[in-house]
Amino acid sequence: MTDGYPRYMRESIEKLESTREERAKTTFERMPASESDELLKKYHPDYREEGKREIRVGASKGEKAPLELLRLLEAPSLIDPADIDLGQVDYDLDLLIIGGGGAGTVAALWAIGEGISPENILIATKLRHGDSNSMMAQGGIQAADKVEDSPVQHYLDAMGGGHYTNVPELLEALTMDAPRLIRWHEELGILYDRDTDSEFIELPGGGTSRYRMHSSGDYTGMELMRVIRDEARNQDVPVLEFAPAVELLTDDHGSVTGALIMNLETNEYYVVRARSTVLATGGFGRLHVQSYPTSNHYGATGDGLIMGYRAGVPLRDMDSVQYHPTGAAYPDQVLGLLVTEKVRSIGAQPINVDGEMFVNPLEPRDVEAAAFIRECYGRDKGIETPTGMKGVWLDSPLIDVIKGEGTVARNLPAMVRQYKRFNIDMTIDPILVFPTLHYQNGGLAIDAQGATPVSGLFACGEVTGGVHGKNRLMGNSLLDFNVFGRRVGISAAKHASKAAPGKLTLNHVNSYQKALEDAGVDTKERSPLLIPEYRGKKVLERHLDIGVFL
Amino acid sequence: MAENKDEKMIDIYVMGRMYRVPEGLTIMTALEYAGYKYVRGCGCRGGFCGACSTVFRTKNEYKLRMDLACQTAVEDGMFLVQLPFVPAVRTVFQIDKVDPEEHDNILLEHYPEIARCVSCNTCTKACPQDIEVMDYVQAALRGDIDRTAKLSFDCIQCGLCSIRCPADIKHYHLAQEARRIKGRYIDIHSQQLAHRIGELHDGVYEEKMKEYVSMKKEDIKKVYDKREFHKEG
């Protein structure tokens, strides 16, 4: 027995234990479409109209986006263009990649494969190389390679899961390229879980009709990211860390010609001219849309959305945000951290305060999340934590009952470790979960080669929209950064080989500022955000900006 | 973070300076509560990236301990400092030239300092992931790449092992190379994947894909709603 739970929570755990044996033999029916539509409308945060409004300026004016994003999207730049001397170019490149996570690093490697010399590439990244949501993805990566499966079936699953809002050509690229990328991973030496015949052990995910998810324990993203980064190091790709882009640079025709980057430690700016520029800055979980906790990386502040939008790239599907059904709800120290979907893939069931099942464990993510919210706030069958948060149980010990002792420890080492640190043994006790802000479904518009409508600018990974429509399925984000990182690396390299070095201006920043004034936007905010604010209230109240370090 | 009245406050010492913070915070959230805004020393905040290595000792304890700031709760009387960067050297290699069949001991070739391991086990004690670090260094020394890869799999590359090592071994870089060699050369690559790639090369799915891509929403919805689920993998 572990002592991580207070007594009153133990009482609920006892109810859960009393139904476990029976539940081990039962599956909860999947929801018919009519019921899930209604559930989403009533309980999913995306459907709360007061959480968003129309964008007032720019290429996607009139479309809806979350208020937390609008606060930054409709704000002037961090910099005043008049302060910047663009006459001195610090880096003159073929290819500038903004963002050193999965997408950006894959793009660099494939650009080299396309003939661009590493010294003509620069990855400029806000934190360290590899610091990204890619590193944190646990569950796995989808690719249809089994006999009973096909890329077409993969397409169908993702299109339905995305509520038919995915851009067909992007989804086609995702699913058709998938097996080839897994092959690339084998060549790079990425480790995947394999059976005794050395075939991949593949699991189902929410909304998938086949066993298609490849994994490396519950460290899949970390394994991919660390190997891809290792390869970039072997190939000598230059990386500038703690150097985020703060604005793109454009020429007189509005084509992107590079970026202004910032040294976060000296506050000095660098002017980068590039024939091709790639935005691979990731998502925006750290904006805490609708005050949800997030599973995202510290740097996930949506900077690329802001910079790309200012330069004229439309946004799509920004009105939908993915709340992962299973964020940690207890203890407080791990609030919002991801509990991988793999826990449900291998057999854990969501259970309410009375020890009852209430939803199939593997509905698409938005449906599953909405069912959890309904259980807690619609039916009042959640479990309240000592700090007043609500959640439902995820019956992890059930996995060992179904699949044999040791399965949890073997398949979920990262999860077991995380809970053990706080005195909870998830092989013996269930864990408490509630939806957490997990993924930015929408983003910058791209074509199937990863080109944005703005010449010279490419984008890949979570910063883009369209691949997943309004709801991404599990295992498709690791796949996304590989497929589109590769495509962007190739297409940006091709573009760079014919483009002439461009003129450098910040005209688009000035025009955007004017558009904000014309629309009557009045704000004290500046963007992009770069680093989220978590300092204590008391300290901030007494904070003096006396410029000792300026 | 909760700032309610009845929370218990404790004292922690950040690089020697005392701050009073609520009990129950992690080292990371406690530093933020105290007024620190991270640039370095903070990454995924979930125990996966190794950015927030922290060296500390607790009250009445003489031993230095090491752990991740995002995964460790503060304790009353804790003295701490963060270690956001490790200047460890890494050997550059080409993945298509490290076939273990063609080398005596490729890991020893690339990291000869592993021969200096004195089996003191300090690396293992320093590891926030509870990895048997010394055991995998010994496995590497014996040329057992498979074991080195397996034992080191949970490594988040924080570098605490290498900072503590009296023999200046670069454990986490060595282990990364071992895992890549296993993935590339020791694990047998998937036959079914090779078969599927052959099919894709022959354009087997193109026609069906074209049909789906051009389908109207109502039509593809019908196909989706009639999908059959495979019960087993």
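Start with the meeting of the two domains in chain A: select domain 1 and domain 2, and you will find 22 residues of domain 1 in contact with 20 residues of domain 2 (contact: C-beta atoms, placed from the backbone, within 7 Å). This is a predicted model, in which local features need pLDDT of at least 70 and side-chain atom pairs count only at pLDDT 80 or more, while totals for chains, interfaces and linings use all residues. Residues are numbered from 1 along each chain as its sequence is written, with chains lettered from A and ligands numbered from 1 in the order in which they are written.

For the selections, take 7-30 + 322-438 of chain A as domain 1, and 97-141 + 179-185 + 216-321 + 440-498 as domain 2; these bounds come from an automatic or database domain assignment. The two centres, taken over C-alpha atoms, are 33 Å apart.

Next, colour the side of domain 1 of chain A that touches domain 2. β13 (322-328), α11 (365-378), α14 (413-420) and β17 (431-439) of chain A each give two or more residues to that side (DSSP runs numbered from the N terminus: helices are H or I, at least four residues; strands are E, at least two). The largest share, four residues, belongs to β13(A).

Now bring in chain B. Its contact with chain A takes 63 residues from chain B and 68 from chain A. On the chain B side, select α1 (27-34), α7 (171-186), α8 (191-201), α9 (206-214) and α10 (217-225), each supplying at least two residues. Finish on α7(B), which gives the most to this side, with seven residues.
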